[in-house]
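Work through the exercises below with the sequence and the 3D structure at hand. Try each task before reading its solution.

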Amino acid sequence: MPKKNLDYWEAKFARNVERDERNMAALEAAGWKVLVLWEHQLKKKELPATRRLLYEFVRREDDPDYDEAFPAEEMA
């Protein structure tokens, strides 16, 4: 949280949360699946976990589990 203009930033963050919740609800109501990725999840040390998360998010019921689909990931 920024140290200056605290009231402004608290209100801005609250509005952002409300907007994001509305947008996600509208997308889901339209039949979309929603996955939120944060910037830190794209950093090199987080990429293996992020790849797994993305695969599981888009995986169909008859697709193999992540470890079966990408067995080399275990050794990387």
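A salt bridge is a side-chain nitrogen of Lys or Arg within 4 Å of a carboxyl oxygen of Asp or Glu. By this rule the structure has 5 salt bridges. This is a predicted model, in which local features need pLDDT of at least 70 and side-chain atom pairs count only at pLDDT 80 or more, while totals for chains, interfaces and linings use all residues. Residues are numbered from 1 along each chain as its sequence is written, and side-chain values use heavy atoms, with hydrogens and water left out.

**Exercise 1. Salt bridges**

Solution. 

Step 1. Side chains of opposite charge can pair when their charged atoms come close.

Step 2. Buried means under 20% relative accessible area, exposed means over 50%, and partly exposed lies in between (1.4 Å probe, protein chains only).

**Exercise 2. A salt-bridge network**

Task: Which residues are linked with Arg59 in a network of salt bridges?

Solution. 

Step 1. Locate Arg59 in the loop between α2 and α3 (66–69). Helices here are DSSP runs (H or I, at least four residues), numbered from the N terminus.

Step 2. The side chain of Arg59 meets that of Asp65 in a salt bridge of 3.4 Å, N to O.

Step 3. The network links Glu56, Arg59 and Asp65.

Step 4. Arg59 has 26% relative accessible area and is therefore partly exposed; Asp65, with 38%, is partly exposed.

Step 5. From Arg59 to Ala69 there are 10 residues in sequence and 11 Å in space, C-alpha to C-alpha.

**Exercise 3. The largest pocket**

Task: Give the volume of the largest pocket and describe its lining.

Solution. 

Step 1. On a 1 Å grid over the protein atoms alone, a pocket is an open set of points where a 1.4 Å probe fits, with protein on both sides within 12 Å along at least five of seven lines; lining residues have an atom within 4 Å of a point.

Step 2. The largest pocket holds about 240 Å³ of space. A volume is the space filled by probe spheres set on the grid points, which are joined across faces, edges and corners.

Step 3. Its lining consists of Phe13, Asn16, Val17, Arg19, Asp20, Glu21, Met24, Val36 and Trp38.

Step 4. Ala, Val, Leu, Ile, Met, Phe, Trp, Tyr, Cys and Pro count as nonpolar, Asp, Glu, Lys and Arg as charged, and the others, Gly among them, as polar. The lining then divides into 5 nonpolar, 1 polar and 3 charged residues.

Step 5. Trp38, one of the lining residues, sits in the loop between α1 and α2. Trp38 counts as exposed because its relative accessibility is 57%. Trp38 and Val17 are separated by 21 residues in sequence and by 14 Å between their C-alpha atoms.

**Exercise 4. A nonpolar surface patch**

Task: Which residues form a nonpolar patch on the surface?

Solution. 

Step 1. Patch residues have over 30% relative accessible area and no salt bridge; nonpolar side chains (Val, Leu, Ile, Met, Phe, Trp, Tyr) are joined within 5 Å, and like charges within 9 Å.

Step 2. Leu37, Leu42, Leu47, Leu53 and Leu54 form the patch, and together they have about 370 Å² of accessible area. Such areas come from the Shrake-Rupley method with a 1.4 Å probe, where for residues only the protein chains shown count as cover.

Step 3. Leu37 lies in the loop between α1 (6–29) and α2 (47–58). Its relative accessibility is 33%, so Leu37 counts as partly exposed.

**Exercise 5. A positive phi**

Task: What is the phi of Asn5, and where does Asn5 lie?

Solution. 

Step 1. Most residues other than glycine have a negative phi.

Step 2. Asn5 is not a glycine, yet its phi is positive, about 55°.

Step 3. Asn5 is in the segment before α1. With 58% relative accessibility, Asn5 counts as exposed.

Definitions and conventions
Helices (H or I, at least four residues) and strands (E, at least two) are DSSP runs, numbered from the N terminus.
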